[in-house]
Amino acid sequence: MPEIHVRTSGPIFTSLPAQKAEAALAKTISELVAEGEKRVKLQLYVGHGVRTGFYRRSVHGEVLGSRHGIIHDSRVIYGPWLEGVTSRNRTTRFKGYAMFRNAYQQLERIAQGVLEKHAGRAAKDLS
């Protein structure tokens, strides 16, 4: 019986493409989380949500695994009121600053470009 030996090599036969895609996704999430944190903080300045700087310092972005990220205010008790999502905002003149909502909308506009940038680099590395 004849034997056939096939040797495979190259990027298509290794897990390198999957690793590159996962790395590109992780870089995308990381960049978007950092950008989102920055954009929330940019909306907090003296006269607009800042008196002592405590709330601004409590806004943090975190990458939770390679496919998840979160931007939060470390559960500062008056955070929802500043954002404008409490029942008190509906009954008073202060409607909130909507910092997180604005940052989210801004991130939605740039997310595709950030992903394309990192995916393009990964594809270039494979060729």
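Me: How many residues of the chain count as buried, in percent?
Reply: In this predicted model, 25% of the 127 residues count as buried.

Me: And what does the accessible surface of the chain come to?
Reply: The accessible surface is about 9,200 Å², and carbon and sulfur atoms hold 57% of that area.

Me: Which pattern does the chain follow along the sequence?
Reply: The order is α-β-β-α-β-β-α-α-α, made up of 5 helices and 4 strands.

Me: At what angle do the axes of H1 and H5 cross?
Reply: The axes of helix H1 (residues 16–42) and helix H5 (residues 99–126) cross at roughly 150° and come within 8 Å of each other. Angles over 145 degrees count as roughly antiparallel, so H1 is roughly antiparallel to H5.

Me: Is that crossing left-handed or right-handed?
Reply: H1 passes H5 in a right-handed crossing.

Me: Which classes of residues make up the contact of H1 with H5?
Reply: The contact comprises 16 nonpolar, 7 charged and 4 polar residues.

Me: Changing topic: where does serine 74 lie?
Reply: Serine 74 is in the loop between strand E4 (69–72) and helix H3 (79–83). Its phi is positive, near 55°, in a residue other than glycine.

Me: What about alanine 98, what is its phi?
Reply: Alanine 98 has a positive phi of about 55°, although it is not a glycine. This residue sits in the loop between helix H4 (87–91) and H5.

Me: Why does alanine 98 count as buried?
Reply: Alanine 98 counts as buried because its relative accessibility is 7%, and the cut-off for buried is under 20%. Serine 74, at 36% relative accessibility, counts as partly exposed.

Methods
Residues numbered from 1 in each chain as written. Predicted model: local features only at pLDDT ≥ 70, side-chain atom pairs only at ≥ 80, totals over all residues. Heavy atoms only, no water. Axes fitted to C-alpha atoms, helices over the stretch in contact; angles between N-to-C directions. Helix = DSSP H or I, 4+ residues; strand = E, 2+ residues; numbered from the N terminus. Parallel < 35°, antiparallel > 145°, perpendicular 65-115°, else oblique. Left-handed = near helix turned anticlockwise from the far one by under 90°. Nonpolar A, V, L, I, M, F, W, Y, C, P; charged D, E, K, R; others polar. Buried < 20%, exposed > 50% of the residue type's maximum accessible area, 1.4 Å probe, protein only. Areas by Shrake-Rupley, 256 points an atom, 1.4 Å probe, with all protein chains shown as cover.
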